[in-house]
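Today I am looking up salt bridges. I want to know which side chains pair up, and how exposed they are.

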Amino acid sequence: MAKPNKTKKPAPGLPTRQQILDFITSSDQPAGKREIAKAFGLHAQDKIALKALLRDMADEGLIDSAPGRAFHKMGGLPKVTVLRVVESDGDTVWAEPERWEGEGVPVPRLRVRERGRRGALGVGDRILARTEEAGKGWIAHPMKKLAKGEATMLGVVKEEGGRLYLHGVEKKERHSFVISERNGAEPGDLVMAEKSGRGPRVFAKVTQVLGDPFEPRSFSLIAIHKHGIPNVFSDELIAEAERVAKQPLGTDREDLRHLPIVAIDPVDARDHDDAVWAAPDDDPGNKGGWKAVVAIADVSCYVRPGSLLDKEARRRGNSVYFPDRVVPMLPEVLSADVCSLKEDVDRAALACHLQVSTKGELKSWRFSRAVVRLAANIAYEDAQAAIDGEIDHPLTDSVFRPLWDCWDALFAARTKRDPLDLDLPERRIELDEMGRILSVAPRERLDAHKLIEDYMIAANVAAAKALESKKAPVMYRIHEPPSREKLGALKDYLKTFDIEFALGQVIRPSVFNHILSKLDEAEFREEVMTQVLRTQTQAYYGPQNAGHFGLALGSYAHFTSPIRRYADLVVHRALVAAFALGPGGDIEDDASMERTGTSISQLERRAMEAERDTVDRYVAAYLSAHVGEVMEARITGVQNFGFFATVDGIGGDGLVPARDLGREYFRYDEAGQRLVGEETGEAFALGQRLKLKLVEANPISGALKFELPDGKGSGSGEAPRRGGPPARVLKRRGRPANIRHQGKRR
């Protein structure tokens, strides 16, 4: 920073440098040249001298100018500026300037006051705010919430005609931008960049070089940077984690080390939150029933309210899982070691003790802080093979058999409850040691998966009801019934299959299950299942109970995964406080719970989007070796501009534009979710199976593009339909007689 030029003196009548600094610092309005001149009563020639003085002060590093030509103290903030929210921990929202030019000066962090604002601010939101310096910090008073900005972007550097351009990694990004500052980037590099300018004169300034975009391990890195997911723990925070990890378990815990508790997890699990045990109940009041323990890692013992660990966990909201890595909510010394329930090691647990009746009903429950020593960590596949008699395991009869017998009762209660049953398998990406893709396939759904799921649901219900019994606030997991608007759209859709759906009935999950059961052998069952899924609302967290529609439960909370979900940690603390189970308890009030719920719900959606984007990139990379091949696909979405399809058993959505369907004009049937040819009646409908030719697979964006394999489309000699509006909306609701649906149950 340049030193003040002491040889220059202000002209007579001009304020001194210090007077100007004092004025722009104390002014409650943006202070430009006009405001400064007015404040000091300057006229005519004095204003010319003031302009020169302000220029000198800027050169000397005393002041800086903000957009709109208002001045502020160098290292300070404009009175009104654009901020981006970088942290929302439920109680406090923090923001940073969207642009910061203070060389050598740390970027200031402002506490946002949201009084009277509608709608909580989430990470990534942009606001126009009035800034106020308070003590040693800053406060932001929001004036207006701005549209999501595109100031930063991920892209790949390419050289064309001797100039460097930035090509975005987003599927929707169709433009390239001239790179104004490369900052060490070379053609082919994956970079973070800032965009500046307007209209046709938009430039990109490289801010960070990330490496080779085609390296498989870059795919998750792209998502981490794109979605702003914190993936580095500070040295101070790691030191705190290592310190608390050394604390003793204490002597006031219930000793459950005599129970052969087991953890059943995915073979590639990186942390182990939960473990289970069950045995016949010796209580005469529960004859023929079962007693069970669901032991959950006691994270609240280590992560105390208000600590650095707590603030960071709240800021992250959850762990984010990618095929090649996990971005944990807690440092590895806790998430993968001390808090992870492992075989033959003493671990702190919060235990849920259940009494299960012969009909699978929860007769009673209690919670205790315990010490456990697992008898085994076992993969789902191995546990299933042991219970099926395919492999010998020393715990089959003593541990697995009672677990399965108790689960038979829990499953019977689940069947009676009739929760929403959609058979939609997950994709599993298998990588080699170098991170290269070996296979992409649906994850097999075993009884072992269902067993653990039902034990976890039982513990989650018990946690919610236990807190309700103490009249303590609960961080509920809420899944509301579908909206009337979505149900109306489903009614119109089902009508195209001659399926009646009455809007006047009480909508329960069983209503949807009944529809799907009648279509068990129908060719179009899968497309109806997809539409039923799209009718559902998105689950969220909050203190106002609205039940869990999908599970057909009146009270439900997340309790079983505190290593990877902040919501579960909130529930643990509430249980510890409500039942006086020792230190680390905390019960938030409704207002605080509302803010926390909003924040972690937003962070959960961010994680889901990042995980989905990354899987799409891996799938595109896997399919890039199969460009030009014809493959079995299923239509996953229909719009007036074309339809989207996914490769059977692999996934990844690709577009078939309506203009590439040949010379025939296709009309869009909105209710039936299909495109219908005007001349032939040929249709492309949601859920329909068909053969498509893969013509493009872009690992960087995750985008796929298909065309019909019969010579139609842009790659054939036949001219595609050009120009004109998108396909017209078809008003007729009937299904043309020659539409064939080749779907089968997946």
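I start with the term: a salt bridge is a side-chain nitrogen of Lys or Arg within 4 Å of a carboxyl oxygen of Asp or Glu. The model I am using is predicted.

Entry 1. I looked up the total. The structure holds 26 salt bridges.

Entry 2. I picked Asp 255 and Arg 257. Their side chains meet in a salt bridge, at 2.8 Å from N to O. Asp 255 is partly exposed, at 38% relative accessible area. Arg 257 is partly exposed too, at 36%.

Entry 3. I asked what else belongs with this pair. Asp 255 and Arg 257 are linked with Asp 346 and Arg 373 in a network of salt bridges.

Entry 4. Next I looked up Glu 453. Its salt-bridge partner is Arg 445, and their closest N and O atoms are 3.2 Å apart. Glu 453 has a relative accessible area of 27%, which is partly exposed. For Arg 445 I noted 46%, also partly exposed.

Entry 5. I turned to Arg 667. Arg 667 forms a salt bridge with Glu 678, with 4.0 Å between the closest N and O atoms. Where do the two residues of this pair sit in the chain? Arg 667 is in strand β29, residues 666-669. Glu 678 is in the loop between β30 (674-677) and β31 (683-685). The two are eleven residues apart.

Entry 6. Is Arg 667 buried or exposed? Arg 667 has a relative accessible area of 18%. I call Arg 667 buried, because buried means under 20%. Glu 678 is partly exposed, at 35%.

Conventions. Residues are numbered from 1 along each chain as its sequence is written. This is a predicted model: local features need pLDDT of at least 70, side-chain atom pairs count only at pLDDT 80 or more; totals for chains, interfaces and linings use all residues. Side-chain values use heavy atoms; hydrogens and water are left out. Buried means under 20% relative accessible area, exposed over 50%, partly exposed in between (1.4 Å probe, protein chains only). Helices (H or I, at least four residues) and strands (E, at least two) are DSSP runs, numbered from the N terminus.
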